[in-house]
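Hi everyone, thanks for making time this morning. Let me put the sequence and the model up on the screen, and then we can walk through them together.

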Amino acid sequence: MGIIMALLAGAVFGWGLLYSGMSDPYKVQDFLDLAGNWDATLAFVMGGAVAITVPAFALLRKMPKPLFAASFSWPSINIIDSKLVIGAALFGIGWGLSGLCPGPALVNIGTGQGDILFFCVMLLAGMWLHARLMLKR
């Protein structure tokens with residue numbers, strides 16, 4: 001049942017990205033273009049996500065266990081270190097330059113567009129490189 005729920009959650013997330021227009025890289029880039037063709041729709045999408053997520057996490061914290069799993073997988077580390085800051089900065093730079101983060105890229109992979117496929121290949125390469133660098137420590 002957990003796999004079915006994960007598939008359903010992913011499908012709802014993908015549909016939300018498509019419906020809101022957030023799968024369009026130019027929407028994201030226009031949001032970041034404060035001096036040019038600024039588009040505030042991303043702020044409204046993010047505001048809606050936060051308005052739902054904050055109370056949902058408050059409710060989840062009160063539950064003894066998830067509905068379809070043996071236990072929650074809450075993060076065990078809550079410090080802000082250089083690895084977190086550098087990783088967040090790299091993610092933000094890549095997101096701003098490409099207009100894509102992993103979710104919308106995967107939603108768009110079915111289009112077969114070369115730039116989307118290149119992004120996904122580079123995403124996998126970055127994940128592979130990270131795994132190799134972290135295993136050597």
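Let me begin with a question: which element gives the largest share of the lining of the second largest pocket? The answer is α1, with 10 residues.

Before going on, a word on the source: this is a predicted model, where local features need pLDDT of at least 70, side-chain atom pairs count only at pLDDT 80 or more, and totals for chains, interfaces and linings use all residues. Residues are numbered from 1 along each chain as its sequence is written, and side-chain values use heavy atoms, with hydrogens and water left out.

Now the overall picture. The protein chain has six helices and zero strands, in the order α-α-α-α-α-α along the sequence. Helices here are DSSP runs of H or I with at least four residues, strands are E runs of at least two, and numbering starts at the N terminus. The C-alpha trace spans about 50 × 40 × 30 Å along its principal axes.

Back to that second largest pocket, which holds about 580 Å³ of space. Its lining has 20 residues, and the closest to the centre are Ala-9, Val-12, Phe-13, Gly-16 and Leu-17. Two or more lining residues come from each of α1 (2-20) and α3 (41-62). By class, the lining has 17 nonpolar, three polar and no charged residues.

A pocket, on a 1 Å grid over the protein atoms alone, is an open set of points where a 1.4 Å probe fits, with protein on both sides within 12 Å along at least five of seven lines; lining residues have an atom within 4 Å of a point. Grid points are joined across faces, edges and corners, and the volume is the space filled by probe spheres set on them. For the classes, Ala, Val, Leu, Ile, Met, Phe, Trp, Tyr, Cys and Pro are nonpolar, Asp, Glu, Lys and Arg are charged, and the others, Gly among them, are polar.

The largest pocket holds about 870 Å³. Among its 20 lining residues, Gly-87, Leu-90, Phe-91, Gly-126 and His-130 are the closest to the centre. Here α4 (82-98) and α6 (114-135) are the elements that give two or more residues, and α6 has the largest share, with nine. This lining divides into 14 nonpolar, four polar and two charged residues.

Finally, the salt bridge, meaning a side-chain nitrogen of Lys or Arg within 4 Å of a carboxyl oxygen of Asp or Glu. The structure holds one, and it joins the side chains of Asp-39 and Lys-27 at 3.3 Å, N to O. Asp-39 sits in the loop between α2 and α3 and Lys-27 in helix α2, 12 residues apart, and the pair links distant parts of the chain.

Thanks, everyone!
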